[in-house]
Amino acid sequence: GVPPTWAAAPGRPGIDYLPETSAASAAAVASRVRAAKRPGDIVIVSVHWGSNWGYQVGRHQVRFAHALVEAGADVVYGHSSHHPRPIEVYRKRLVLYGCGDLVDDYEGITGYEQYRDDLRLLYLVALRADTGELAGLRMVCLQARQLRLHHAPAADTRWLGGRLDQVSRRFGTRIAVDGGALAIS
């Protein structure tokens with residue numbers, strides 16, 4: 001969903017554009033992660049990828065995320081989707097395949113009600129400072145109404161937790177409701 005014209009170029013600011021999540025693109029980013037990471041660094045790679053709607057994660061995205069973790073990324077933060085997508089812990093590192101929106105102006109889009117894009121997550125990630133390994137993940141469930149965020153009702157938190165648990169199982173990740181929030185169990 002990102003046009004190539006947004007790419008940074010010599011003398012022109014922009015984004016670090018990748019035309020695809022191919023093995024070659026993963027190798028190029030992985031090389032940069034390896035070159036930049038120093039002892040004690042925490043590396044978060046932010047990737048705008050995937051569909052806006054749906055829970056499917058393509059093999060190319062999984063391979064790309066795994067290559068980044070293997071190169072030293074501590075978190076792969078995926079975004080583009082308008083609702084939360086599957087979560088994986090790979091080699092003790094967090095992979096968020098789609099965080100969904102937190103604050104936006106997309107309220108009222110019709111035709112995708114089954115995804116409950118009114119439900120948003122605030123991700124509270126704890127990493128071990130010495131290794132970058134995931135120490136914990138809590139997700140606070142919020143609900144957007146009239147462009148404002150409110151704590152989601154308990155029933156909606158349970159619904160989103162159940163949905164994320166279902167779609168994340170493929171990755172060996174389980175999600176549970178924990179004290180009014182969601183957590184990896």
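This is a predicted model: local features need pLDDT of at least 70, side-chain atom pairs count only at pLDDT 80 or more; totals for chains, interfaces and linings use all residues.
Residues are numbered from 1 along each chain as its sequence is written, and side-chain values use heavy atoms, with hydrogens and water left out.

**Exercise 1. Find the order of the strands in the open sheet of 4 strands, and say which strands stand at the edges.**

Step 1. Start with the naming: helices (H or I, at least four residues) and strands (E, at least two) are DSSP runs, numbered from the N terminus. Two strands pair if DSSP finds at least two bridges between them.

Step 2. Read across the sheet: the order is E1-E2-E4-E3, and the pairing is mixed. Strand E1 (44–48) and strand E3 (87–90) are the edges; each has a single partner strand, so one side of each is left without a neighbour in the sheet. From one strand to the next, the twist averages 15 degrees.

Step 3. Look at one pair in detail. E1 and strand E2 (residues 75–79) run parallel and are joined by 5 bridges, with histidine 48 opposite histidine 79 in E2.

Step 4. Helix H2 (residues 59–70) lies across E1, E2, E3 and E4, at about 40 degrees to E3. Axes here are lines fitted to C-alpha atoms, for helices over the stretch in contact (heavy atoms within 4.5 Å), and angles run from 0 to 180 degrees between N-to-C directions.

**Exercise 2. Is aspartate 74 buried or exposed, and which network does Asp74 belong to?**

Step 1. Locate aspartate 74 in the loop between H2 and E2.

Step 2. Check its cover. Buried means under 20% relative accessible area, exposed over 50%, partly exposed in between (1.4 Å probe, protein chains only). Aspartate 74 has a relative accessible area of 0%, so this residue is buried.

Step 3. List its surroundings. Leaving aside neighbours within four places in sequence, the contacts of aspartate 74 include Lys37, Arg93, Leu127 and Gly132.

Step 4. Look for charges. A salt bridge is a side-chain nitrogen of Lys or Arg within 4 Å of a carboxyl oxygen of Asp or Glu. Lys37, Asp74 and Arg93 are linked in a network of such bridges.

**Exercise 3. Which residue meets arginine 138 in a salt bridge, and how many residues apart are the two?**

Step 1. The partner is aspartate 178, at 3.0 Å, N to O.

Step 2. The pair links distant parts of the chain: aspartate 178 is in strand E8 (residues 175–178) and arginine 138 in strand E6, 40 residues apart.

Step 3. Compare their cover with the cut-offs above. Aspartate 178 counts as partly exposed because its relative accessibility is 39%, and arginine 138 is partly exposed at 33%.
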